[in-house]
Amino acid sequence: MKIDLERCNGCGLCVKDCPVAAISLQDKKAVIGPSCVECHTCFRVCPRGAALDEPVPVAGAKECTHCPVGCRIPEGLTGACGRYKNQGHELVRSRPLLTYAEVAAEVGPEPELLIERPSITAIGAGGTYPDYVPAPYIVSHERDGVEVVTVVTEAPLSYSGLKVKIDTDLEVGEEGAPITFEGRTVGMVETEEYGSKMLAIGGVNRLTGRHGFAAARAVAAIANREAVRLKVKGGAKLELQVGQPPVIDGQLVEKMRVGCGSASAGLFATFFLDAADEVIVLDQHITSLFSHHAAGRCLGLAPGGVELCFQRSTPGRYFGTHGKGWGGTDLADPLDIVKQVDTGLTKPGSTLLITETTGQNAAMYVLGEDGKFAPTELSDKAQQAVAALAETCQRSLVSAVYVGGAGGSARAGVARYPLRLTHAVHAAKAVLTCGGAKVFVLPGGGITFYVDVEKVRSGAFTWVPTPATVAPIEYTMRLSDYEEMGGHLEAVKPFAAQEPVPWNRCK
């Protein structure tokens, strides 16, 4: 890499972002030092184009092939990721492989098998009020010679909401865009996960806000796997039902993408090698250009002369755009991805296959003498490649996790010393479940949990006009631990009947 001193204004962005601290400012100009590994971070971050992609050969430098960046690491130095070191002209991992035993302390204890499952669920249990009153069902029975207690209640949770995952590469709206349910704001668009769009519905500020009732009803309906209609402000109309494919702007989404365009190049490299002289996988996240991609180069391809209009990330990988076109990009005509062609590298007669990460659309072209691509029929090999890609894509689904904050007043119905219950949950001495389903308890303070709503019996979630959503929650632990946290021992009843009677109705 080199710095064009005429363009450099000494802003220092390259200094801040260089992962190996190879750049410094001298007389308000960037200077690249000998520890540069040519990761191109400066090239991409410089707002003035002062970092020039001109490799400076370094004797003994080793090219790293462990990721798409392709660092050239001088002897004795480490690459941009900090993982691989050039040691005696060999790339070696910079830290030793660890066994599970060596990390067990950080992982922490797992709960005992005998307290992993509740004796009864809270579905249909009801609740008790005020909060200090013991939970409606507190039952005990013996497991493997140990007395175990399960405490259950249907708890109103103001701090609650949903993370909704929609498997699609179609654009649904900008991140942060409000989402309405029956015309009232109940959530917003969050980020994207692998092949999916994420929505946040509910949350305490919406539940206690102007449209709290609508938010509570939307959370309960989605969690109970009911069909709902949502609208993203400035974006798509969504028809969602957990466990079913999404419908976006009236279009049923049948396939979720197999991965980004770069992942597709790696997954189907051997198919793409025979499919055409060049292959482009259009994707809103990362679009790939096969002959430039590491996968193509590893198979012996020389980078071709096709240049794309997207911004390059690393060789053969380009940041896509968002829209309603091919691959979730804004390109209605896939050929618009081609900015220009160097016919010195890509000769007339060469073929080009363009497809999406779902393989639902594909087109083939042949380069003419005028240096322009013209449509042609997909070859048999191209059809095989697209079919392999499409076959690997999973069915698109809507899924959701319920987020509940159970670290509040409802704990008093479990034990007289609520903080001891919180500590017991985090120490795996008390197991929290939701409708009998395993939950993930977030680290840190409180008892905030995630549960897959498809693991909970449909109809188990309700709402109350405080407003809050109501979730069935259970705590299971040894009787001895329950006693130590100030459990309501006077309310404990033996678990023997198929339909246990609430403690306050026992004679």
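Helices are DSSP runs of H or I with at least four residues, numbered from the N terminus. In this predicted model, helix α3 covers residues 100-107, and just after α3 Gly 108 takes a positive phi of about 90 degrees. Helix α3 is hardly covered: of its eight residues, the count that is buried is zero.

Positive phi also occurs in residues other than glycine, among them Lys 28 and Asp 144. Lys 28 sits in the loop between β2 (23-26) and β3 (29-32), and Asp 144 in the loop between β9 and β10 (146-157). Lys 28 is exposed, with a relative accessible area of 70%; Asp 144 is likewise exposed, at 76% relative accessibility.

| Cis peptide bond | Omega | Loop holding the proline |
|---|---|---|
| Tyr 129 to Pro 130 | about -5 degrees | between α3 and β9 (137-143) |
| Thr 466 to Pro 467 | near -10 degrees | between β33 (462-464) and β34 (468-478) |

An open sheet contains seven strands in the order β22-β23-β20-β19-β25-β26-β27, and its pairing is mixed. Strands β22 (311-314) and β27 (373-376) form the edges, each pairing on one side only. On average, neighbouring strands of this sheet are turned by 30 degrees against each other, direction ignored. Helix α9 (residues 380-392) packs on the sheet, where it touches β25 (351-356) and β26 (362-367). The direction of α9 makes about 20 degrees with that of β25.

Within the sheet, β20 (residues 286-289) and β23 (residues 317-319) run antiparallel and are joined by three bridges. Ser 288 has Arg 317 in β23 as its bridge partner.

How values were computed. Residues numbered from 1 in each chain as written. Predicted model: local features only at pLDDT ≥ 70, side-chain atom pairs only at ≥ 80, totals over all residues. Heavy atoms only, no water. Pairing = 2+ DSSP bridges. Helix = DSSP H or I, 4+ residues; strand = E, 2+ residues; numbered from the N terminus. Axes fitted to C-alpha atoms, helices over the stretch in contact; angles between N-to-C directions. Contact = heavy atoms within 4.5 Å. Buried < 20%, exposed > 50% of the residue type's maximum accessible area, 1.4 Å probe, protein only.
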